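Start with the structure, then take the points by topic.

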Amino acid sequence: MNIPSDTLSAFVYGLCAGLNLDRKITEAEARAFLELLRHESALLESGVLADQKSGLQKLLKKKELYRSDAERITDIVFSVLGTSKKEQDAANAPELEFDNLAPDELDFGGAQMVFTGEFNIGRHIAEEIAVSLGAELLASTRLEADYVVVGSIPSPAWKFGNYGTKVMKALELKQRGLPVKIISEDAYCAQVPTQVLENFLKSAPSIRVEGFQIIRA
């Protein structure tokens, strides 16, 4: 979202950007934002809060705020900035080093695969594609695992270097010299025959495929 042209909306936008300067909004900051709106009610008339006004007014009437209320305020701040919590978590997550695959390198037939994380195309779709092409799914990362496929939307825990047990086990196996490969969702989709990918994604109408890139409508 571009910075609004009218002064009131620009002020609210700048306030939200300031709260999100370190790419996270604490519960205390969310409560402080609400208190400012309580004392400066004219801010509720800003254009960037038009869709959130009624919800904010309900929060302002409450005598006591709960954690869920603070999370709601955080969502409102993100909406003003044109982002979301998932996008923020992804931006905050440390980068995981993935293995590169040559075109058509992944031989699905008999491959033992582990899927972890949240996928843009939907994890169940990613797994169904693998099975349809002859792969075997593993519930956890074991010695015989060939690939660990990581979804594009990281867990908030990644911010603390905790990639989850499936990825951590894969990293441990790699250190021991075992040939397991950790690949991204994009790299995985690039290995799937285009027609197969498109056929599966027909069940997810909010998603389309351009080349090997998955795009949410």
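Partly exposed means a relative accessible area between the buried limit, under 20%, and the exposed limit, over 50%. Arg38, at 32%, is therefore partly exposed. The model is predicted.

**Salt bridges**
- The structure holds eight salt bridges.
- One of them joins the side chains of Glu35 and Arg38, at 3.0 Å from N to O.
- Glu35 and Arg38 lie three residues apart in helix H2 (residues 27-39), so about one helical turn separates them.
- Glu35 is partly exposed, with a relative accessible area of 34%.
- Lys181 pairs with Glu105, and their closest N and O atoms are 2.5 Å apart.
- That pair links distant parts of the chain, 76 residues apart: Lys181 is in strand E4 (residues 181-184), and Glu105 is in the loop between helix H5 (85-92) and strand E1 (112-116).
- Lys181 is partly exposed at 24%, and Glu105 is partly exposed at 30%.
- Arg142 and Glu144 form a salt bridge at 2.8 Å, N to O.
- Arg142 is partly exposed at 34%, and Glu144 is partly exposed at 35%.

**A buried glutamate**
- Glu185 sits in helix H8 (residues 185-191).
- Its relative accessible area is 0%, so Glu185 is buried.
- The Glu185 side chain comes to 3.1 Å from the backbone nitrogen of Ile121.
- Beyond four places in sequence, the contacts of Glu185 include Glu118, Phe119, Val149 and Ser152.

**Cysteines**
- The whole structure has zero disulfides.
- Cys16 is buried at 0% relative accessible area.
- Cys189 is buried at 0% relative accessibility.

How values were computed. Residues numbered from 1 in each chain as written. Predicted model: local features only at pLDDT ≥ 70, side-chain atom pairs only at ≥ 80, totals over all residues. Heavy atoms only, no water. Helix = DSSP H or I, 4+ residues; strand = E, 2+ residues; numbered from the N terminus. Buried < 20%, exposed > 50% of the residue type's maximum accessible area, 1.4 Å probe, protein only. Polar contact = N/O pair within 3.5 Å; in protein donor to acceptor, adjacent residues only side chain to side chain. Contact = heavy atoms within 4.5 Å. Disulfide = S-S within 2.5 Å. Salt bridge = Lys/Arg side-chain N within 4 Å of Asp/Glu carboxyl O.
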